[in-house]
Amino acid sequence: MNCENKVLFLGQMSIAALMFPIAANASETGGHAGEAEHGPHIVELFLGVTSADHNGHTQQAGSVGASYRYAFNHTVSAGVLAEYTGGALDDWVVGIPVVFNLGHGGWQGTLMPGFEITSSHEEPLFRVGLGYEFEFDGYSLKPELNVDFVDGETIYVLGVSLGFRF
């Protein structure tokens, strides 16, 4: 997939991801107390480990990342993510995460179209994730497990995000 097609793909996915939350927001009458106090902007820093099975050999490496999301309402937020995995895996994951708060607890589900970028190739991927957000005064901690589906492989990313809302 060439660069022009990637930009087009991410643009289309951005528009699709944004349409659902905007429609959902129009039907809600009130906001979440946390959103009113801290605002709709969410920045998260991620630290974790990635485990991939390449040709029958399991490889693990540390991962670091950052994301920005905008909370359209208490239920849905969407934004951008960049995550680097070092070591033998040495790749970047970039995408457009759409995060859903599941009920009134701290459970969050993530759906994310994106790309895995290595020095030799770029592949589209789709991430599915589940985490539990613990809110504190001014920040949050979210242990999470993400599963990336890319080029017929399943890659597991386990870690914790430190979040700030403003």
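This is a predicted model: local features need pLDDT of at least 70, side-chain atom pairs count only at pLDDT 80 or more; totals for chains, interfaces and linings use all residues.
**Note on the buried charged residues**

1. Glu44 is buried, with a relative accessible area of 5%.

2. Which side chain meets Glu44 in a salt bridge at 3.0 Å, N to O? The partner is Arg69. Glu44 belongs to strand 1 (residues 41-54) and Arg69 to strand 2 (residues 57-71), so this pair ties together parts that lie 25 residues apart in sequence. Arg69 is buried, its relative accessible area being 3%.

3. Glu44 also meets the side chain of Lys142 in a salt bridge, with an N to O distance of 3.5 Å. Lys142 lies in strand 9 (residues 140-150) and Glu44 in strand 1, so the pair ties together parts 98 residues apart in sequence. Glu44 and Lys142 are both buried. Taken with the previous point, a network of salt bridges links Glu44, Arg69 and Lys142.

4. A further pair is formed by Arg127 and Asp148, whose closest N and O atoms are 2.6 Å apart in a salt bridge. Arg127 is in strand 7 (residues 122-132), whereas Asp148 is in strand 9, so parts 21 residues apart in sequence are tied together by this pair. Arg127 is buried, at a relative accessible area of 2%. Asp148 is buried too, at 3%.

5. The count for the model comes to four salt bridges. Among them are Glu44 with Arg69, Glu44 with Lys142, and Arg127 with Asp148.

6. Glu133 should be read separately. Glu133 sits in the loop between strand 7 and strand 8 (134-135). Glu133 is buried yet has no salt bridge.

7. What polar contact does the side chain of Glu133 make? The contact is with the side chain of Gln108, at 3.4 Å. Leaving aside residues up to four places away in sequence, Glu133 touches Glu44, Gly106, Gln108, Ser140, Leu141 and Lys142.

How values were computed. Residues are numbered from 1 along each chain as its sequence is written. Side-chain values use heavy atoms; hydrogens and water are left out. Helices (H or I, at least four residues) and strands (E, at least two) are DSSP runs, numbered from the N terminus. Buried means under 20% relative accessible area, exposed over 50%, partly exposed in between (1.4 Å probe, protein chains only). Lys and Arg count as positive and Asp and Glu as negative; His and the chain ends are not counted. A polar contact is a pair of N or O atoms within 3.5 Å; within protein, one must be able to donate a hydrogen and the other to accept it, and residues adjacent in sequence count only if both atoms are side-chain atoms. Contact means heavy atoms within 4.5 Å.
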